[in-house]
Amino acid sequence: MSNEERPEDLAQLIKRLKDHYQVNESEIARRIGAAPATVNAWVNRKRGTGRGPNVEKLRALAREFPAFTEDQIFAAAGRKTPGPLSPDAEERILALYRGLTAEQQEMKEVEMRALVERNHSALS
């Protein structure tokens, strides 16, 4: 596969973002509520101990730098874009969850963690 056919990764997207908005890594970090070292790790393609950027930091990039969509940012991070969750939907889900037994709640949590993990690695 040539370089032209490879999808853009997060380091490349952040470089374009920096050029487009004329910001540095520290400013990006400040605006999304991350440590400068975190943004630097993304730019230098260092995975660290985590599984890459968390959902909230990726969404914050899209919110703070709207020239780049959530879909573009999540794809660059090798992740699928999570669906939206309105406050009403969140309350309905919590109400259902509260109606489960402790064992059922634990099973649902395991299932949800597995789905989230799958989404984290789905594009990798």
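Predicted model: local features only at pLDDT ≥ 70, side-chain atom pairs only at ≥ 80, totals over all residues.
**Entry 1: a glutamate to start with**

Is Glu-70 buried, partly exposed or exposed? I looked up its relative accessible area, found 27%, and so noted Glu-70 as partly exposed.

Next I looked for the partner of Glu-70. Arg-59 forms a salt bridge with it, and the closest N and O atoms are 3.4 Å apart. Arg-59 belongs to helix α4 and Glu-70 to helix α5, so this pair ties together parts that are eleven residues apart in sequence. I then checked the arginine: Arg-59 has 19% relative accessibility, and because the cut-off for buried is under 20%, Arg-59 counts as buried.

**Entry 2: the chain as a whole**

Time to step back from the pair. I found seven helices and zero strands in the chain. Read from the N terminus, the order is simply α-α-α-α-α-α-α. Of the 124 residues, 26% are buried.

**Entry 3: the nonpolar core**

Which residues have the most contacts inside the largest nonpolar core? My list reads Leu-10, Ile-28, Ile-32, Val-39 and Leu-61, in a core of 22 residues. The elements that give two or more residues to this core are α1 (10-21), α2 (25-32), α3 (36-43), α4 (55-64) and α5 (70-76). As a reminder to myself, nonpolar side chains tend to be buried together in soluble globular proteins.

Setting aside its neighbours within four places in sequence, I found Val-39 in contact with Glu-25, Ile-28, Ala-29, Ile-32 and Ala-34. Among these partners, Ile-28 and Ile-32 are also on my list of core residues with the most contacts.

**Entry 4: where α2 meets α4**

How do α2 and α4 pack, and at what angle? I noted about 105 degrees, with the axes 9 Å apart. That makes α2 roughly perpendicular to α4, because angles of 65 to 115 degrees count that way. On the α2 side I found Ile-28, Arg-31 and Ile-32, and they meet Lys-57, Ala-60, Leu-61 and Glu-64 in α4.

Arg-31 forms a salt bridge with Glu-64, and the closest N and O atoms are 3.3 Å apart. The pair links distant parts of the chain, with Arg-31 in helix α2 and Glu-64 in helix α4, 33 residues apart. Arg-31 has 26% relative accessibility, so I put it down as partly exposed. Glu-64 is partly exposed as well, with a relative accessible area of 27%.

Arg-92 is partly exposed, with a relative accessible area of 48%. For Asp-88 I found 52% relative accessibility, and because exposed means over 50%, Asp-88 counts as exposed.

Note on methods: Residues numbered from 1 in each chain as written. Heavy atoms only, no water. Core = buried A, V, L, I, M, F, W, Y, C linked by side-chain atoms within 4.5 Å. Buried < 20%, exposed > 50% of the residue type's maximum accessible area, 1.4 Å probe, protein only. Helix = DSSP H or I, 4+ residues; strand = E, 2+ residues; numbered from the N terminus. Contact = heavy atoms within 4.5 Å. Salt bridge = Lys/Arg side-chain N within 4 Å of Asp/Glu carboxyl O. Axes fitted to C-alpha atoms, helices over the stretch in contact; angles between N-to-C directions. Parallel < 35°, antiparallel > 145°, perpendicular 65-115°, else oblique.
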